[in-house]
Every structure is written in structure tokens, then in C-alpha cells.
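Let us walk through a protein model step by step. Keep the sequence and the 3D view side by side as you read.

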Amino acid sequence: QRQSTWGSAALAAQGSILFVMLYFQPDTLRKEKPVMREIVDRHFADNWVISYYMGFTVDLTVAWQHFPAASAMISGTVTMENVAYHQERMRKNLGKLNTSIAGYLREGVLVEQFVLDHIHSQLL
């Protein structure tokens with residue numbers, strides 16, 4: 001279940017669409033454990049509260065509690081060990097992030113031309 005540095009955040013848009021689409025396939029949510037395992041591992045391994053439409057959020061452990069396959073797979077992911085692992089990983093990365101953005105958070109740096117020139121960089 002260990003993912004890249006960006007984890008499932010890189011797939012957040014796909015995950016939110018998939019969350020909605022799964023309600024049109026309730027048998028998958030209810031009975032398809034292998035399919036739900038793949039979906040959870042790929043899209044929700046480190047992101048259990050997702051934004052699915054214009055700022056509306058959902059906690060998958062609550063939303064899927066009445067769907068046996070989905071509930072079992074998300075519950076297997078939201079374990080203390082997994083949560084602690086991701087919390088520590090994110091805590092370590094926060095220090096690196098603060099250091100890397102410090103140069104941008106000065107007067108006169110984030111001007112319109114700079115943003116346009118760097119719109120496709122990892123920062124923006």
C-alpha cells in the first residue's frame with residue numbers, strides 16, 4: 001500500500017469521479033471485493049475523506065458502511081498502522097515543503113508574470 005510521494009492525491013480527481021460512478025454500480029460496492037480492493041489501493045490508500053463536487057466532502061468509511069465489499073476494503077486501509085505511517089510521512093514532507101516555498105513567499109515574487117512563466121511547474 002505504499003505509494004509515491006504524491007500518493008493518491010495525484011489521482012484525486014479520478015477518485016472523486018469514481019466515487020460518484022460507483023453508486024451507479026451498487027453491486028460492485030456490495031459484492032466485488034477484488035475490484036474494490038484495487039480501487040481503494042489505487043485511489044484511496046491515503047485519502048479517506050475526499051472532495052467530490054464543488055467543495056462537498058465525504059468520509060468513505062461512513063459513506064460505504066452499508067456496502068459490505070467497499071466497507072471491508074476501506075476499513076482494511078484505515079488502520080492505525082497505515083494512518084500512523086502516512087501521518088509520519090506527511091509530517092516529514094511538511095518541513096521540506098516549508099523550506100522549498102519560503103523563497104516564493106516574499107514580497108514581489110508571486111507576481112502575474114512569474115505565475116504565467118511557471119504555471120506547469122510542480123509548485124503551481
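Gly-15 touches His-43, Phe-44 and Ile-50, not counting residues up to four places away in sequence. Touching, or contact, here means heavy atoms within 4.5 Å. Gly-15 is found in helix α1, residues 12-22. Helices (H or I, at least four residues) and strands (E, at least two) are DSSP runs, numbered from the N terminus. Gly-15 has a relative accessible area of 2%, so it is buried. Buried means under 20% relative accessible area, exposed over 50%, and partly exposed in between (1.4 Å probe, protein chains only).

A word on the source: this is a predicted model, in which local features need pLDDT of at least 70, side-chain atom pairs count only at pLDDT 80 or more, and totals for chains, interfaces and linings use all residues. Residues are numbered from 1 along each chain as its sequence is written, and side-chain values use heavy atoms, with hydrogens and water left out.

Now move to the strands. Strand β1 covers residues 49-53, and strand β2 covers residues 56-59. They pair in the antiparallel sense, over four bridges. Two strands count as paired if DSSP finds at least two bridges between them. Find Tyr-53: opposite it, in β2, stands Phe-56. The hairpin of β1 and β2 has two residues between the strands. There, Met-54 takes a positive phi near 45 degrees.

Val-20, Phe-24, Tyr-52, Tyr-53, Met-54 and Phe-56 make a nonpolar surface patch of about 710 Å². Patches are made of residues with over 30% relative accessible area and no salt bridge; like charges are joined within 9 Å, and nonpolar side chains (Val, Leu, Ile, Met, Phe, Trp, Tyr) within 5 Å. The areas come from the Shrake-Rupley method with a 1.4 Å probe; for residues, only the protein chains shown count as cover. One member of the patch, Tyr-52, lies in strand β1. Its relative accessibility is 32%, so Tyr-52 counts as partly exposed.

Next comes helix α5, residues 68-77. Which residues are buried in α5? They are Ala-69, Ala-70, Ser-71, Met-73, Ile-74 and Thr-77. Their cover includes α2, α3, α4 (60-63) and α6. Take Ser-71, which sits in helix α5. It counts as buried because its relative accessibility is 17%. Leaving aside neighbours within four places in sequence, Ser-71 is in contact with Trp-64 and Gln-65.

Helix α6 runs over residues 80-102. The expected span is 1.5 Å times one less than the number of residues. The buried residues of α6 are Asn-82, His-86 and Arg-89. What covers them includes α5. His-86 belongs to helix α6, and it counts as buried because its relative accessibility is 4%. Apart from neighbours within four places in sequence, His-86 is in contact with Ala-45 and Asp-46.

Charged side chains come next. Side chains of opposite charge can pair when their charged atoms come close. A salt bridge is a side-chain nitrogen of Lys or Arg within 4 Å of a carboxyl oxygen of Asp or Glu. How many salt bridges does the structure hold? It holds four.

One of them joins Arg-89 and Asp-46, with the closest N and O atoms 3.0 Å apart. Arg-89 lies in helix α6 and Asp-46 in the loop between α3 (33-43) and β1, so the pair ties together parts that are 43 residues apart in sequence. Arg-89 counts as buried at 15% relative accessibility. Asp-46 is buried too, with a relative accessible area of 11%.

Another bridge links Glu-88 and Arg-91, whose closest N and O atoms are 2.6 Å apart. These two are three residues apart in helix α6, so about one helical turn separates them. Glu-88 is partly exposed, at 28%. Arg-91 counts as partly exposed at 47%.

Asp-27 and Arg-30 also form a salt bridge, with closest N and O atoms 3.5 Å apart. Both lie in helix α2 (residues 26-31), three residues apart, so about one helical turn separates them. Asp-27 is partly exposed, with a relative accessible area of 42%. Arg-30 is partly exposed, with 39%.
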